[in-house]
Amino acid sequence: MPQDKRDVLDILKFELEFLKKGGYAWSSREPWRAQLFIEDSPSCMNHDNKTNPNPCTECALMQFVPTENHDKKVPCRHIPLNQYGETLLDLYRGSTQQELEDTMADWLGRKIAQLEGDRQEKAAKVASSQQAIAADVPN
């Protein structure tokens, strides 16, 4: 059960901004290797906690990981990112950096739009319910 109290919408928006600003281009921390999406971002709840990390199962992004992959060492690598079900792990094996960035940006944009739409719909239902209740209350 996720114990990461951060708002998943905020995490996704931050991740998209990090990506757009070139956050995965090169790291002065580890210049000898390619940057790993989500894991090497400040979006990762363990970004600055590599020596004593929290279990990934506590991450707010686990809701996007298929149940059968929850027990993987790095579950965020198993999030399906496109209509073909490709994951970061799949893309690391055969895509260019630009393809990775494009796929990740598309996925983030779709998830952000979906979550915002869900929240607007929920807010509209709450407002409608409150109006109905107010209309039933005698003055």
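Guide: Buried residues make up 35% of the 139 residues in the chain. The model is a predicted one.

Visitor: What makes a residue such as Trp107 buried?

Guide: Buried means under 20% relative accessible area. Trp107 has 2%, so Trp107 is buried. Ser41 has 0%, so Ser41 counts as buried too.

Visitor: Where is Ser41, and what does Ser41 touch?

Guide: Ser41 sits in the loop between H1 and H2. Neighbours within four places in sequence aside, Ser41 is in contact with Phe14, Glu15, Phe18, Tyr24, Leu36 and His47.

Visitor: Which secondary structure elements does the chain have?

Guide: The chain has three helices and zero strands. From the N terminus on, the order is α-α-α.

Visitor: Which residues touch the most other members of the largest nonpolar core?

Guide: They are Leu12, Leu61, Phe64, Ile79, Met104 and Trp107, out of 29 residues in that core. Helix H1 (8–20), helix H2 (88–94) and helix H3 (97–136) each give two or more residues to this core. H1 supplies the largest share, seven residues.

Visitor: What does Ile79 touch?

Guide: Residues up to four places away in sequence are not counted. Ile79 then touches Ile38, Leu61, Phe64, Val65, Pro66, Glu86, Thr87, Leu88 and Trp107.

Visitor: Why is the pair of Phe64 and Trp107 called edge-to-face?

Guide: The whole structure holds four aromatic pairs. Rings pair if their centres lie within 6.5 Å, and planes over 60 degrees apart count as edge-to-face. The centres of Phe64 and Trp107 are 5.3 Å apart and the planes stand at 90°, so this pair is edge-to-face. Phe64 lies in the loop between H1 and H2 and Trp107 in helix H3, so the pair ties together parts 43 residues apart in sequence. Phe64 has a relative accessible area of 13%, so Phe64 is buried.

Visitor: What makes Phe18 and Tyr24 an edge-to-face pair?

Guide: Their ring centres are 5.0 Å apart and their planes are at 90°, so the pair is edge-to-face. Phe18 and Tyr24 are both buried. Ring pairs also link Phe14, Phe18, Tyr24 and Phe37 into a cluster.

Visitor: How do you know that Lys13 and Glu116 form a salt bridge?

Guide: The cut-off is 4 Å, from a side-chain nitrogen of Lys or Arg to a carboxyl oxygen of Asp or Glu. For Lys13 and Glu116 the N to O distance is 3.0 Å, so the two side chains meet in a salt bridge. The pair links distant parts of the chain: Lys13 is in helix H1, Glu116 in helix H3, 103 residues apart.

Visitor: What makes Lys21 exposed?

Guide: Exposed means over 50%. Lys21 is at 66%, so Lys21 counts as exposed. Lys21 forms a salt bridge with Glu17, with the closest N and O atoms 3.6 Å apart. Glu17 is at 39%, so Glu17 counts as partly exposed.

Terms used: Residues numbered from 1 in each chain as written. Predicted model: local features only at pLDDT ≥ 70, side-chain atom pairs only at ≥ 80, totals over all residues. Heavy atoms only, no water. Core = buried A, V, L, I, M, F, W, Y, C linked by side-chain atoms within 4.5 Å. Buried < 20%, exposed > 50% of the residue type's maximum accessible area, 1.4 Å probe, protein only. Helix = DSSP H or I, 4+ residues; strand = E, 2+ residues; numbered from the N terminus. Contact = heavy atoms within 4.5 Å. Phe/Tyr/Trp six-rings, centres within 6.5 Å; stacked < 30°, edge-to-face > 60°.
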